[in-house]
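Let's take a walk through the charged pairs of this model. Have the sequence and the 3D view open as you read.

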Amino acid sequence: MGEEVSNKTETESHHVVVDSVPPLQEKESDKPDPPNENVTSPSPPVQKVEDHVAEKDTEDSVSKDAMLARVLTEKRLALIKAWEESEKTKAENRAYKKHSAVELWEDSKKASVEAELKKIEENMERKKAESVEKMKNKIAEIHRLAEEKRANVKAQKREEFLGVEETAEKFRSRGVTPRKFFACFSA
């Protein structure tokens, strides 16, 4: 008896694992065949029900498979669309960064050129101011030299007047007329 129980459990477990048949079918298959052959076996109605259930299961599984395939397709398309959007966003961000870098480069170069221009203008202004100062100094020096020359001319004029007055005084005191004045009359 112990062997029969173990054989039964082996067959039951064997049917369950290998055939994956529901327990109702196992019990019916374990029943001995009726001695009368005219009696219809209960298995055909079960088979019809099973066939109908199988057809229904097949239709359900086909529709489930179709739905599953559609869901998988939609999921794949959604993932592709999300990837596409992500890549577009990445490309847009890279372009924005490069655009910003170009703008920064342009601004820095412009600032450097403007600083150089300002430096040149300051140098030119400084040189202009120095040149103006030099020219003003030259003008002042020329004016000073002109004043000195005028002063010298006045001084010479005064000396000549003094000399002429002295000579005229001598002529008056001697009563003689100057010869150079009447050079053409002198004999």
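**Charged pairs along a helix**

In this predicted model, arginine 126 forms a salt bridge with glutamate 130, and their closest N and O atoms lie 3.3 Å apart. A salt bridge here is a side-chain nitrogen of Lys or Arg within 4 Å of a carboxyl oxygen of Asp or Glu. Arginine 126 and glutamate 130 are 4 residues apart in helix H3, so about one helical turn separates them. Helices (H or I, at least four residues) are DSSP runs, numbered from the N terminus. Arginine 126 is partly exposed, at 42% relative accessible area. Partly exposed falls between buried (under 20%) and exposed (over 50%), using a 1.4 Å probe and protein chains only. Glutamate 130 is partly exposed too, at 38%. Salt bridges with shared partners also join Glu141, Arg144 and Glu148 into one network.

Now look at lysine 88, which forms a salt bridge with glutamate 84, with the closest N and O atoms 3.4 Å apart. Helix H3 covers residues 43–174, and these two partners sit 4 residues apart in it, about one helical turn. Lysine 88 is partly exposed at 48%, and glutamate 84 is partly exposed at 35%.

Lysine 110 and glutamate 106 meet in a salt bridge as well (3.5 Å, N to O). They are 4 residues apart in helix H3, or about one helical turn. In total, the structure holds 8 salt bridges.

Residues are numbered from 1 along each chain as its sequence is written. In this predicted model, local features need pLDDT of at least 70 and side-chain atom pairs count only at pLDDT 80 or more, while totals for chains, interfaces and linings use all residues; side-chain values use heavy atoms, leaving out hydrogens and water.

Terms used
Helix = DSSP H or I, 4+ residues; strand = E, 2+ residues; numbered from the N terminus.
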